Each structure stands twice: as C-alpha cells, then as structure tokens.
Amino acid sequence: MRYAQLYVPTRREDPADAEVVSHKLLVRGGYMRMLARGIYSFLPLGWRVLQKIERIIREEMNRAGAQEVLLPSVQPAELWEESGRWSFYGPELLRFKDRKGAAFCYGPTHEEVITDLVRGDVRSYKQLPLNLYQIQAKFRDEIRPRAGLMRGREFIMKDGYSFDVSTEAAHASYEQMRQAYCRTFDRLGLRYRAVEADTGNIGGSLSHEFQVLAHSGEDWVTSCPSCGYAANRELTEVPSSGAPVSAGAEQAASASVETPGQRTVEEVTAFLKVSAQGLVKTVIFCDEADAPFAVLVRGDHEVNEVKVKNLLGGQAVRLARDEEVERLTGAPVGFAGPVGLACPIYADQAVGSILGFVVGGNAKDVHLTGVCHGRDFAVTRWADLRQVEEGDACPRCGATLEFYRGIEVGHIFYLGTKYSKALGASFLDESGASRAMEMGCYGMGVTRIMAAAIEQNHDDDGIVWPVPIAPFEVSLLTIGKVDDALVEAGQALHDGLVERGVEVLWDDREERPAVKFKDTDLVGVPLRLTLGARGLKEGKVEAKWRWSKDVEMIDLASAPEVIAAMILKARS
C-alpha cells in the first residue's frame, strides 16, 4: 500500500479533550475521529487494526466450537421486562419508542435476545450443548464518557453465550471459553492477567476478568507469583486470622471520652494517642429496601463494598446518607459506633482478633475506649469485608501478593439459570422432564483491546504495536532525492514482501525524511525499512524494529526473504 494513496490524516497536537495516551495517539495517528462524546469514526488504519483483532477472536472462538451469529442491535422492551432488567439496568440503557409507541432499547448486551432465539428452537437435550457468539456494535449511555475508547458510549464487542444440560456441563463450557480467551490474548501479543471478578449487572455466580496490564489502568488486580492466584482487587480474599478472640474477666470496662470535633481516623487516633489498628470504624450502609446496617473494619483498613454486597446475597447496597446515619445513631457522621446500635452489625474478620478498641460513641464529640465485641455488642456475622492491601498474603499459598494496574478487556460469567428460567428457555432431558438450560456469557471489548494495546505499548514518539494487530507489519521509507532508480528499487522491495505475505506501507510521499520518520513512529508500524540513495548504491536497506534502537543493514537482493522471515518469527 502506498502512503500517498492512504487516508492517514496525522496531527502534531493532542486533541483538547484527550485524557489518556491511547485517545491522544489514535487521533494524532489518524486512526479515529470523534463524532459525538463517546462515539467515534474509524479511519482506514483504525479499521485494519480492529479487523485483525476480530480475526484472531473469530479463529479462537471457532476453534473452541462456538458458532458466529448476528443479532439485532435494537431490542424490544418486552424481553427486558421478562428478564427483570428493564428497570434494573439503569440510565445506561438507551431507551426509545418507535412510531407506534412501542418501547425498545439499543442493546448494550444480548442475554435476552440470544435466550429468546434459543428457546424458540431448542427442545431436546440432543440439541445441546450450544455456543453462539457475535461481533457487533453496542451502546451504553455512559453519564461521563471519557478516555476515548476506554469509556465510550458506542463500542464494538464480541459477546458469546453457551447453553448446556447441567451445571457440570456448563462449567466445562466456561473453562473451554476461559482457555480460548487466554489463547486469544496470547495471540494478540498483550501482557494480561485472568482474574477472579465480580459479576456486576450481568449476574451469575462465577466470573473472570481479563485485564491488560498498564500503568493507566482503572482497575487494581492482584496476582500471586508463587501459585498463580489472581483476582480483581475487589474480589481478592484476605486470609482469616482464625476465630474471634473472646473478652476475659480481666478486660477493663469500656469508657466514654470527649473527642470534640475529632471525626476521622487520623484525628481520633492522634487525639487519643492510639494506633489506627486499635480503632474500629463503623460504616453505615443501606440495603435495597433502605434498611440500615453497620459494617465494622479496623481503623487502618477500608470497607470493600463488593464483599459487603456479596455477603447480602448480591443485592445492591449503598452508603447511608448523612441524615440516615444521624437518625440511626443519634449523632453526626464521624461518631457512629456498634455499642447500642439497633441494626444488624457485620464485622470484618480482622476486628475479631483485637479487644479493648476505640469506637464512636453514637453521640456528638464522644468516643468509647476499651470496647470488646461479644461483651459490649453482638456481631450479626463475621466475614472477609475489607479491601486487600499491599503486603497482604495470598489466600491460597500465603506468599505476598503483587499488585498491578489493569484495563478490563474481557469478562466471562457462569450465569446458571438466571435468564433461562426468567425467559422460559427449557429442554426435555433423557427422562422426558423439562429443565431450564444452564447458561454462560462471554464478552470481549474489541475497540477496548485496541486502546489497551496502546496504553501498554507506546513511547514518547507514538504507538508501538504488537506485530499481530499492527495495521501494517512493515513501513518502507524511500528517502532523499526521488529518481527512477530509487522508485524502481522501492517498488521491487515492496512487491517482493507483498508476494511473501508481508503487509507493507510504502511511504512514497515527497516529504522530508524527518517528516516520514516522525509519522512512521507515530503510527507505530513494527518494522521500519529505510532506503535512500546511499543504501541503493551499496545494495543495502536499513531495518529497525519500532521498540529497538538497533539498526541492521540487510542486502537488498535478499531483503524480501530475510525480512519476510523476520516478520514470520515476530507474528508467533
């Protein structure tokens, strides 16, 4: 492909609204343009990258036995009402009415549609298992779209769904997809972790996220260098220190102390001259029915809301509002404590190992010292409720966990019968009994993968694409005075590489060498070939990998074979 014929409108300045590197470089490199907030048009280079990502995904999905379909993006409200998600999903769901007044939504995901499709045709266990997937544009009406493709409103996604006869078979399908996802990200050339994760709005009881490791990632993930355990920080388990200790007769009675204006952990511990480990925070939450409950964590720990939600069976929870806290405790925010509190009290397991601690006194400017659980208040339930922190041990083997920033690019779920029961997707088993199908759900963000690859692979000059997803594999620059001999040599090298299956972008523009070098670094093509009058005279072409400072001079006569072998090796 000749650069002069390609639509690559590069820019020297970052877009004013860009916050992250991928957004800046995708615009500057001529890969995409914004149409509206969170909605982008993809130019030829961007579309080539997306097609390569899709091709690898398709090959691995097909290899795993999944079959590709294409489902409507516009979905009737009735299906979402059947599943119960029409009101549950929230404002991210783009809802509208047709000319007859019927309610629809633009699909952010397709659990309802695929289940409706399968329930209409599958009747017998003999028709299962079934694994269907599609690659399609989705829309989620983010309240604050940002970070380019990382948090857009319209995006391209691979979503797949499995249907099985039993829990055991569904778990096998889930594992098959987990392995297929690992193969996919291996082939994409990305450094990633497959981590245990929360199920969120999709639901289900088993979930893994695929996180591309990058300093700009929104998520924290943990990984054990010893046994391979990995999880989203929200789901990372904290090992128990054993059964809660009991207060003995020698424990002094609790005492009330004045703490005027001391609300935070830092203020209270400094005022009372105690450590944060000797203070217990009381955090007031409300459940889906707006009923209050308290969560206790040690003063140097933070409450993990995902763990709290899961403790209550997955129902939504929220922090209580200031007026709700005051109504429950009789005191302003900052003075809540468990003693005398008329609501359920859930305590993190780390609280169980300490006695004689400080808590809020449920009165303005008052704290209690010498408090003991079991004696001064009753704990409704003990559980792992705190956020994991650096230095914590692996819950599987005890080694010290490592922390990484990650960008979520894939998420798989075991759904069970959540949707099949709601939508009546059943089959007749071998005995003739009707049973709900066991389902799994498997998502992968195609456009997000493109952005995440750049967040992981870039430098001050531009993008550094992994070879498998680069828009072109080789950038050929003919520099200096353009004459017939140089054009002829450039054409021969271009054609020789193309004949050997190498994707070449030939920069044949009448531009200064500095401009060509700057553009090829910005665009990020992996291997740069430079051919000028001096090299032509010596029968050499200069080769340089985008991520390396080393330059190799290759004989022009054998260059097509040598370079094709280099690219073939880099693809694997």
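**Close-ups of a predicted model**

Figure 1. What would count as a bond here is a pair of cysteine sulfur atoms within 2.5 Å. Keep in mind that this is a predicted model. Is cysteine 394 buried or exposed? With a relative accessibility of 2%, cysteine 394 counts as buried.

Figure 2. By the sulfur-distance rule, the disulfide count comes to zero. Cysteine 224 is in no disulfide, and its nearest cysteine sulfur belongs to cysteine 397, 3.5 Å away. Cysteine 224 has a relative accessibility of 3%, so it counts as buried.

**Figure 3. The whole chain, for orientation.** Let's step back for a moment before the next close-ups. The protein chain has 15 helices and 31 strands. Its C-alpha trace spans about 100 × 65 × 50 Å along the principal axes. Of the 572 residues in the chain, 53% are buried. Now take the contacts between residues at least 6 apart in sequence: 68% of these join residues at least 24 apart.

**Figure 4. Helices H1 and H11 cross.** Two packed helices are described by the angle between their axes and the distance between those axes. Here the axes of H1 (residues 21–28) and H11 (residues 446–456) come within 8 Å and cross at roughly 105 degrees. That angle makes H1 roughly perpendicular to H11. On the H1 side, look for Val21, Ser22, Leu25 and Leu26; H11 brings Met450, Ala451, Ile454 and Glu455 to the contact. Sorted by class, this contact of H1 with H11 has six nonpolar residues, one polar and one charged.

**Figure 5. Helices H2 and H6 side by side.** How do H2 and H6 run relative to each other, roughly parallel or roughly antiparallel? The axes of H2 (residues 44–63) and H6 come within 9 Å and cross at roughly 150 degrees. That makes H2 roughly antiparallel to H6. The crossing of these two helices, H2 and H6, is right-handed. By class, the contact of H2 with H6 splits into eight nonpolar, one polar and six charged residues.

**Figure 6. Serine 173, a residue of H6.** Stay with helix H6 (residues 167–188), where serine 173 lies. Its relative accessibility is 9%, so serine 173 counts as buried. Which residues does serine 173 touch, leaving out those up to four places away in sequence? They are Ser162, Asp164 and Tyr442.

Figure 7. The axes of H12 (residues 484–499) and H15 (residues 559–571) come within 9 Å, crossing at roughly 45 degrees. H12 and H15 are therefore oblique to each other. H12 passes H15 in a right-handed crossing. Leu493, Gly496 and Leu497 make the contact from H12, while Ala559, Pro560, Ile563 and Ala564 make it from H15. The contact of H12 with H15 divides into six nonpolar residues, one polar and no charged ones.

Methods: Residues are numbered from 1 along each chain as its sequence is written. This is a predicted model: local features need pLDDT of at least 70, side-chain atom pairs count only at pLDDT 80 or more; totals for chains, interfaces and linings use all residues. Side-chain values use heavy atoms; hydrogens and water are left out. Axes are lines fitted to C-alpha atoms, for helices over the stretch in contact, and angles run from 0 to 180 degrees between N-to-C directions. Helices (H or I, at least four residues) and strands (E, at least two) are DSSP runs, numbered from the N terminus. Angles under 35 degrees count as roughly parallel, over 145 as roughly antiparallel, 65 to 115 as roughly perpendicular and the rest as oblique. Contact means heavy atoms within 4.5 Å. Ala, Val, Leu, Ile, Met, Phe, Trp, Tyr, Cys and Pro count as nonpolar, Asp, Glu, Lys and Arg as charged, and the others, Gly among them, as polar. Buried means under 20% relative accessible area, exposed over 50%, partly exposed in between (1.4 Å probe, protein chains only). A crossing is left-handed if the near helix is turned anticlockwise from the far one by less than a right angle, and right-handed if clockwise.
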